[in-house]
Amino acid sequence: MANPDPDRSVERSGDRRGERSVDRVVAALRAHGLAADVRTMPGSTRTAADAAAAVGCDVAHIVKSLVFDAGDDLLLVLVGGDVQVDVGRLAALTGRPVRLADPTRVREATGFAIGGVAPVGSHVPLPTYLDARLLAHDVVWAAAGTPRSVVPLDPARLAEVTDATVVTLQDGA
């Protein structure tokens, strides 16, 4: 499916668990003048495949928000759900070795659990890299603070509000 249906029938918020995380995402989006049409799904959106099935879109329209350890620093990497990050390329871009961050460190820095890491609203601002392939879509769907919530976004605005460095990060590109 090329574009998700933003009017697809889904449960809206109402779930108390993770409400503060979703509120942080909504506040961050609104602070940048973006609509914050967060959708809380009845099932999991923890993986890109789960999120695509829940939203009704192709997995390439799902934003994976991955946190990488780069020595003492953390980095946020935003890629399509169909993309495997080329860690060697990311290391070359940052000039230091990188690896996926430990889930505990991710939660401490962002305030989000793995599977619900949003591209905005983190406790600590993180340097952000956005894979250029996301810009090919009119709408992408990102986690909104919980493993059951997503939000539709314009990928160019996503790059702007996260102050992302736009690069090519996929394996083999």
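In strand S7, valine 151 is the bridge partner of alanine 142. The structure described here is a predicted model. The pairing to which these two residues belong is that of strand S6 (residues 140-143) with strand S7 (residues 149-153), which is antiparallel and extends over 4 bridges. Leucine 153 of S7 is likewise the bridge partner of valine 140. The hairpin of S6 and S7 has 5 residues between the strands, and within the hairpin glycine 145 adopts a positive phi near 110°.

S7 also pairs with S1; these two strands run antiparallel and are joined by 2 bridges. Here arginine 39 stands opposite valine 150 of S7. S6, in turn, pairs with S2 in the parallel sense, again with 2 bridges, and tryptophan 141 in S6 is the bridge partner of isoleucine 62. S7 is mostly covered, with 5 of its 5 residues buried. Ser149, Val151 and Leu153 point one way from the strand, whereas Val150 and Pro152 point the other way, and all are buried.

Helix H2 (residues 48-55) has Ala48, Ala51, Ala52 and Val55 as buried residues. These residues cover an arc of only 100° around the axis, and therefore lie on the same side of H2. Ala49 and Ala53, on the other side of the helix, are exposed. The cover over the buried residues of H2 includes S2, S6 and S7. After H2 comes glycine 56, with a positive phi near 90°.

Threonine 47 is located in the loop between strand S1 (39-40) and H2. Threonine 47 has a relative accessible area of 38% and is therefore partly exposed. A polar atom of the threonine 47 side chain lies 3.0 Å from the backbone nitrogen of aspartate 50. Threonine 47 and valine 59 are 12 residues apart along the chain, and their C-alpha atoms are separated by 9.7 Å.

In helix H3 (residues 87-94), the buried residues include Leu90, Ala91 and Thr94. Viewed down the axis of H3, the buried residues fall within an arc of 100°, so they line one face of the helix. Strand S2 (62-70), strand S3 (73-80) and strand S5 (128-131) are among the elements that cover the buried residues of H3. At the start of H3, the backbone nitrogen of glycine 88 has a side-chain oxygen of aspartate 86 within 3.1 Å. Glycine 95 follows H3 and has a positive phi, near 75°.

Threonine 110 is part of helix H4 (residues 103-110). Its relative accessibility is 1%, so threonine 110 counts as buried. A polar atom of the threonine 110 side chain lies 2.7 Å from the backbone oxygen of valine 106. With neighbours within four places in sequence left aside, threonine 110 is in contact with Arg24, Val67, Val117, Gly121, Ser122, His123 and Leu126.

Serine 65 lies in strand S2. Because its relative accessible area is 12%, serine 65 is buried. The side chain of serine 65 reaches the backbone oxygen of valine 117 at 3.2 Å. When residues up to four places away in sequence are not counted, serine 65 touches Leu76, Val77, Leu78, Val117, Ala118 and Pro119.

The largest pocket holds about 520 Å³ of space. The pocket is lined by 27 residues, of which Arg46, Lys64, Ser65, Leu66 and Ile114 are the closest to its centre. H2, S2, H4 and S6 each contribute at least two residues to the lining. The largest share, 7 residues, is supplied by S2.

Methods
Residues are numbered from 1 along each chain as its sequence is written. This is a predicted model: local features need pLDDT of at least 70, side-chain atom pairs count only at pLDDT 80 or more; totals for chains, interfaces and linings use all residues. Side-chain values use heavy atoms; hydrogens and water are left out. Buried means under 20% relative accessible area, exposed over 50%, partly exposed in between (1.4 Å probe, protein chains only). The arc is that of the directions from the helix axis to the C-beta atoms. Contact means heavy atoms within 4.5 Å. A polar contact is a pair of N or O atoms within 3.5 Å; within protein, one must be able to donate a hydrogen and the other to accept it, and residues adjacent in sequence count only if both atoms are side-chain atoms. Two strands pair if DSSP finds at least two bridges between them. On a 1 Å grid over the protein atoms alone, a cavity is a set of points where a 1.4 Å probe fits but cannot get out, and a pocket is an open set with protein on both sides within 12 Å along at least five of seven lines; lining residues have an atom within 4 Å of a point. Grid points are joined across faces, edges and corners, and a volume is the space filled by probe spheres set on the points.
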